[in-house]
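The stops below follow one another, each with something to select.

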Amino acid sequence: MTKPSLPDLLHAAVSAVGGTERPGQVAMAEAVAEAIDDNSHRLIQAGTGTGKSLGYLVPALAHGERVVVATATLALQRQLVERDLPRTVEALHPQLRRRPQFAMLKGRSNYLCLHRLHEGAPQDEEDGLFDQFEAAAPTSKLGQDLLRMRDWADETETGDRDDLTPGVSDKAWSQISVSSRECLGATKCAYGAECFAEAARERAKLADVVVTNHALLAIDAIEGAPVLPQHEVLIVDEAHELVSRVTGVATGELTPGQVNRAVKRAAKLVDEKTADALQTASETFERVMELALPGRLEQIPEDLGYALMSLRDSARNVISAIGATRDKSVHDEDAVRKQALAAVESIHGVAERIANGSEYDVVWYERHDRFGATLRVAPLSVSGLLREKLFEDRSVVLTSATLKLGGDFNGVAASLGLSAEGVEGDDVPVWRGLDVGSPFDYPKQGILYVAKHLATPGREGTRGDMMDELAELIEAAGGRTLGLFSSMRGAKAAAEELRGRLDNPILLQGEETLGELIKSFAADPKTCLFGTLSLWQGVDVPGPSCQLVVMDRIPFPRPDDPLMSARQKSVEEHGGNGFMAVAATHAALLMAQGAGRLVRASGDRGVVAVLDPRLATARYGSFLRATLPDFWYTTDRNQARRSLAAIDATAKADGK
């Protein structure tokens, strides 16, 4: 039997989803197939509208070996498993003569735990276990959610939190889920045979395509114990997010509250002397944290060092003691023991990591008005980890709409632990970059307007001239505005100011769920939506409801961000340009993602307005502009207003 050709397979898949074949999609599919065949690596930038999901799924399914697809967002995971994969598998079946299996796999805490549901959650109070359904008042939101989840548990086939609609709070979900550390294990658990998390793992072992998320990919790489099944090909979609997700998984934290909870959980399971030692260490740590001031700790202060060593040593003794004793008087002892061990092991691990100190870690204090002080530790860089764990023994394809920064792939490649493109040598993963472009005609569909006449934004204070500019742009656009702000404070200030000035409804992130806000924004063209980080990359509103995207300023990291400033300093100490490698790269990624909100379909028209003159005047401005879609560029405020007014008039004439 002759092997079906890739173009024929792609054509069948695109037809099945009702799409249109695009040259960029064909080029992408060919590059992915080539990487899989010669066991090499690719960085592929595929602009919005390319159809990149099919661009990698078709060659992956045709290949026949197991493929893992890791994405950053729940929306894309759902799209792949519920829409793209079922249709593509059916479309390819006549030519492949097989139906590849696919499955979704997430971390254990994303699945309902039947043991926790039926036996209750170990509590900190003296009475040990409690029935969370009885304890929560049925009239409270928590009580209603818990009762709804109990009913859902009898119906669900997956136990996956994301299949529960409407969703519930983290607090409610924590009553019926466990972390991997708290899990009893299928062989020890009375509900092991029915376990949803175990069932998901078994499905993944049998699947040809496993869809997961960046966080689980990071856990698989960091923890050493494999979570994902063996695979020959790894495809990382939304790859611009990977470094921050891996950093998040590799970050540890300690708070007095967390340590107190661990003490209470362990106290019933060890002798008094061992429990008292941990209690004393906890109190010492709490006193140190009361005086903690926000900021990086380049050296661990003596009092903190002493508190951490006491925590580490007493936690280690508790772990040994818990492992060596049994207490039949404790109801559901295995679960109580496992949860206590998980809590104390977490304390021990972070305390030991910070107390031991490493030049490759950054340690800092954070303060929150409600929750007090937190001690955090994160890796200075994850590039070495990614180079070692990601690119060995498999072909890796990383794709996103935003991988070229300032005109090439080398900046993103360096953050992933890769050398510059074309560099070869021992232990150097070889990769090639490909930009397949976008089907959109950016110079004709969009304008990049930089408000060069405005004052340079400072760190503090209101920007009166910026508010005036924003109000005039929104009026010219007739609403239809997505406002992307570099801080929540900036978004709130603008919403409050303009609600008093304009007739247009202004929605603000945080005042409703993100999904509801986006739905309301899309439904009414006069409406504006203001917000911060998740809006820069999470909004997909094609059509006339989003014809003006405004960025209040270049989104550099805060100068007092301990991790970013430490990374910048490290680059400078090694002879590099820390500002360009860290701050400008961070800003470029976000701006490219933000600007990508404007044109989501071939009929979209509009303006991206950056209310920060530095994009036009600073030396790094050209680097940032080279990362943005190739819109027609102007600094003429009157031109921007005329264009917006004309686009608004056209939309109104079309009845939109």
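How many disulfides does the count come to? Taking a disulfide as a pair of cysteine sulfur atoms within 2.5 Å, the count comes to zero. Before going on, note that this is a predicted model, in which local features need pLDDT of at least 70 and side-chain atom pairs count only at pLDDT 80 or more, while totals for chains, interfaces and linings use all residues. Residues are numbered from 1 along each chain as its sequence is written, and side-chain values use heavy atoms, with hydrogens and water left out.

**Stop 1: cysteines**

Cys113 is buried at 16% relative accessible area; buried means under 20% relative accessible area, exposed over 50%, and partly exposed in between, with a 1.4 Å probe and protein chains only.

Now select Cys546 and Cys528. For the sulfur of Cys546, the closest cysteine sulfur is in Cys528, 10 Å away, which is too far for a bond. Cys546 is buried, with 1% relative accessibility.

Stay on Cys528, which sits in strand 17 (residues 528–531). Helices (H or I, at least four residues) and strands (E, at least two) are DSSP runs, numbered from the N terminus. The relative accessible area of Cys528 is 0%, so Cys528 is buried. Show its surroundings: apart from neighbours within four places in sequence, Cys528 is in contact (heavy atoms within 4.5 Å) with Ile474, Gly479, Thr481, Asn504, Pro505, Ile506, Leu507 and Phe521. Of these contacts, Gly479 is 49 residues from Cys528 in sequence, yet their C-alpha atoms are 5.8 Å apart.

**Stop 2: the cavity**

A cavity here is a set of points, on a 1 Å grid over the protein atoms alone, where a 1.4 Å probe fits but cannot get out; lining residues have an atom within 4 Å of a point.

How many cavities of 30 Å³ or more does a search of the whole structure find? The search finds one. The largest cavity holds about 260 Å³ of space, where grid points are joined across faces, edges and corners and the volume is the space filled by probe spheres set on the points. Colour the lining by class to see 15 nonpolar, five polar and five charged residues. In this scheme Ala, Val, Leu, Ile, Met, Phe, Trp, Tyr, Cys and Pro count as nonpolar, Asp, Glu, Lys and Arg as charged, and the others, Gly among them, as polar.

**Stop 3: helix 1 and its cover**

Select residues 6–16, which make up helix 1. Leu6, Leu9, Leu10, Ala12, Ala13 and Val14 are buried there. Their cover includes helix 2 (23–37), helix 3 (52–63) and helix 4 (74–96). Just after helix 1, look at Gly18, where phi is positive at about 70°.

Next pick Thr88 in helix 4. Thr88 is buried, at 0% relative accessible area. Not counting residues up to four places away in sequence, Thr88 touches Ala13, Leu54, Val58 and Leu61.

**Stop 4: salt bridges**

There are 35 salt bridges in the structure, each a side-chain nitrogen of Lys or Arg within 4 Å of a carboxyl oxygen of Asp or Glu.

Begin with Glu34 and Arg42, whose closest N and O atoms are 2.7 Å apart. Glu34 is partly exposed at 37% relative accessibility, whereas Arg42 is buried at 3%.

Then select Glu198 and Arg108, a salt bridge of 2.8 Å from N to O. This pair links distant parts of the chain, 90 residues apart: Glu198 is in helix 9 (residues 196–206), and Arg108 is in the loop between strand 3 (102–104) and helix 5 (114–119). Glu198 is partly exposed at 21% relative accessibility, and Arg108 is buried at 15%.

Move to Glu366 and Arg376, which meet at 3.0 Å, N to O. Here the link is between strand 10 (residues 361–368), with Glu366, and strand 11 (residues 372–379), with Arg376. Glu366 is partly exposed, at 32%.

Finish with Glu469, Glu472, Arg637 and Arg641, which a network of salt bridges links.

Methods
On a 1 Å grid over the protein atoms alone, a cavity is a set of points where a 1.4 Å probe fits but cannot get out, and a pocket is an open set with protein on both sides within 12 Å along at least five of seven lines; lining residues have an atom within 4 Å of a point.
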